[in-house]
Amino acid sequence: MATLKSPSGAVELPDGSPIKKAAEELGVPFGCEEGRCRTCEITVLEGQENLAPMNEQEKTHDLEQGHRLCCQAKIKKGSVTIDF
Ligand code: FES
């Protein structure tokens, strides 16, 4: 199991899964859910290496270093701490 953490709590999720549902439980707001609106943009505080590389949809945005889109990102394993 992997863990997604934020200042408000922590949610476990299977290795290799999208982080969307866990992020939703932590309170991250969502909009389009298709990688367009950036409503779900988060800052990764720790464990960036435990996220899978950005997909094409995330790459279309010029995201700041350490920023990801929760509706697109997947966790590989381990623990990732986010803020939003
Ligand atoms: S919800 Fe719109 S980019 Fe993620």
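Two terms here need a meaning. Strands (E, at least two residues) and helices (H or I, at least four) are DSSP runs, numbered from the N terminus. Two strands pair if DSSP finds at least two bridges between them.

Before I go on, some housekeeping. Residue numbers start from 1 along each chain, as its sequence is written. The model is predicted: local features need pLDDT of at least 70, side-chain atom pairs count only at pLDDT 80 or more, and totals for chains, interfaces and linings use all residues.

Back to the pairing. Threonine 3 has serine 79 as its bridge partner in β5, and lysine 5 has threonine 81. Strand β3, residues 41–46, is also joined to β5 by three bridges, but this pair is antiparallel. There, threonine 43 stands opposite aspartate 83 of β5.

Which strands make up the sheet, and in what order? The sheet is open and has five strands, ordered β2-β1-β5-β3-β4, with mixed pairing. β2 (9–13) and β4 are the edge strands, each pairing on one side only. On average, neighbouring strands of this sheet are turned by 35° against each other, direction ignored. For that angle, axes are lines fitted to C-alpha atoms, for helices over the stretch in contact, and angles run from 0 to 180 degrees between N-to-C directions.

Now the two faces of β5, residues 79–83. In a regular strand the side chains alternate between the two faces of the sheet. In β5, Val80 and Ile82 form the covered face, while Ser79, Thr81 and Asp83 form the uncovered one.

Val80 and Ile82 turn up again with leucine 4. Leaving aside neighbours within four places in sequence, leucine 4 has contacts that include Ile19, Ala23, Ile75, Val80 and Ile82. Contact means that the C-beta atoms, placed from the backbone, lie within 7 Å.

Last, glutamate 64, which sits in the loop between α2 (56–59) and β4 (67–69). Is glutamate 64 buried or exposed? Glutamate 64 is exposed, because 8 other C-beta atoms lie within 10 Å. The cut-offs are 20 or more for buried, 12 or fewer for exposed and partly exposed in between, counting other C-beta atoms within 10 Å, placed from the backbone. Glutamate 64 is 21 residues from threonine 43 in sequence, and their C-alpha atoms are 8.8 Å apart.
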